[in-house]
Amino acid sequence: KILANTIFLGKDLINLTECHSTNEIARNLIKNGAYREGTVVITDKQTRGKGQRNSTWHAATGLNLTFSIILTPGFLPVHQHFYFNMAMANGVLSGLATLYGEVQIKWPNDFLSAEGKKLGGMLIENSLSGRLFDTSVIGIGINVNQFSFPVPNATSLASLTGKSYELAMVLAALLGALEEQYLKLKDGALEAIKRRYLDHLYRLGSWAEYNDGHQFTGKILGVAPSGHLLISKQNGETQSYEPKQIRFI
Ligand code: BTN
């Protein structure tokens, strides 16, 4: 049982000892119409976790949080869909802030510690019907009690603070913050949501190295409503990118 202080998020909680991917389980619930908004699927052991940009998400069994949420943001027009993404990222930011401190967002959905190490990430899979959002699966992976990592530049809450965390407590903090941000979005606080996301955006406004097929020096200007990253190049030209089109060096 979790102690999340929420109105609807996590009231339906599916807790699995093992599965391929909680996002996949959530998508199947949607396909079968067998869910209520706010359903959360969580697992101790994820054997085929899906990451952003078609990557694989590895999480050590029992030490980390891997969960997915089902939301139905049908009130938001499709051309504003990135506001939903930003609201969810802000929710993770706020949840992590109560447990560790301020984190940064590496566009679109990586969460970085103050020293730039990856603490977790989010994969949102939307199904759209017509011009409106239909259902969305928000998959979140946060490194919590893990101390060694198979990839460079990764970290966990415990590595950062030296404390170990109860997973149910971390989940409760995240769900509370995510629900709050979702309700803000429903209230139409779009500008505030964007401002908070940009305030935490890694490398915003500073020159750094990128690769879009060629390595170049660029400066992140912001994010378009479509979710494209806007980067200015040294020749003054501005380019917009989808996640798969650009790599941070
Ligand atoms: C990343 O690539 O930065 C992380 C993506 C999100 C991983 C989570 S873990 C729970 C959920 N189920 C999945 O298969 N992926 C997401």
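Visitor: Is Phe-84 buried or exposed?
Guide: In this predicted model, Phe-84 has 23 other C-beta atoms within 10 Å. The cut-off for burial is 20 or more such atoms. Because the count for Phe-84 is 23, the residue is classed as buried.

Visitor: Which element holds Phe-84, and how far is this residue from Ser-136 in space?
Guide: Phe-84 sits in helix H2, which covers residues 81-99. Along the sequence, 52 residues separate Phe-84 from Ser-136.
Guide: The ipTM of the model is 0.99 and the pTM is 0.95. Of the residues, 96% reach a pLDDT of 70 or more. The mean pLDDT of the protein is 94.

Visitor: How far apart are the C-alpha centres of domain 1 and domain 2?
Guide: The protein is split into domain 1, residues 13-199, and domain 2, residues 207-248. Their contact takes 10 residues from domain 1 and nine from domain 2. On the domain 1 side, the touching residues are four nonpolar, four polar and two charged. Between the C-alpha centres of the two domains the distance is 24 Å.

Visitor: Which residues touch the most other members of the largest nonpolar core?
Guide: The core has 55 residues. At least three residues come from each of domain 1 and domain 2. The residues that touch the most other members are Met-88, Val-92 and Leu-174.

Visitor: With which residues is Leu-174 in contact, leaving aside neighbours within four places in sequence?
Guide: Leu-174 belongs to the largest nonpolar core, as does Val-92. Beyond four places in sequence, the contacts of Leu-174 are Val-92, Gly-95 and Ile-140.

Visitor: Is Ile-105 buried or exposed?
Guide: Ile-105 lies in strand S4. Among the residues it touches beyond four places in sequence are Ala-89, Leu-93, Phe-111 and Tyr-197. Since 24 C-beta neighbours fall inside 10 Å, Ile-105 counts as buried.

Visitor: Which residues come nearest to the ligand?
Guide: There are 19 residues around the ligand. Helix H1 (22-31) and the strands S3 (65-71), S6 (118-129) and S7 (132-142) each give two or more residues to this shell. By type, the shell divides into five nonpolar, 12 polar and two charged residues. Those that come nearest are Ser-21, Gly-51, Gly-121, Gly-139 and Gly-141.

Visitor: What is the phi of Asn-54?
Guide: Most residues other than glycine have a negative phi. Asn-54 is in the loop between strand S2 (40-46) and S3, and is exposed, with 8 other C-beta atoms within 10 Å. Although Asn-54 is not a glycine, its phi is positive, at about 60°.

Visitor: Is Asn-153 buried or exposed?
Guide: Asn-153 has a positive phi of about 60° without being a glycine. The residue is in the loop between S7 and helix H3 (157-161). Because 11 C-beta neighbours lie inside 10 Å, Asn-153 counts as exposed.

Visitor: How far is Val-151 from Lys-118 in space?
Guide: Val-151 is placed in the loop between S7 and H3. With 7 C-beta neighbours inside 10 Å, Val-151 is exposed. In sequence, Val-151 and Lys-118 are 33 residues apart, and from C-alpha to C-alpha the distance is 9.9 Å.

Conventions: Residues numbered from 1 in each chain as written. Predicted model: local features only at pLDDT ≥ 70, side-chain atom pairs only at ≥ 80, totals over all residues. Core = buried A, V, L, I, M, F, W, Y, C linked by C-beta atoms within 7 Å. Buried ≥ 20, exposed ≤ 12 C-beta atoms within 10 Å, placed from the backbone. Domains from an automatic or database assignment. Contact = placed C-beta atoms within 7 Å. pLDDT = per-residue confidence, 0-100. Nonpolar A, V, L, I, M, F, W, Y, C, P; charged D, E, K, R; others polar. Near = placed C-beta within 6 Å. Helix = DSSP H or I, 4+ residues; strand = E, 2+ residues; numbered from the N terminus.
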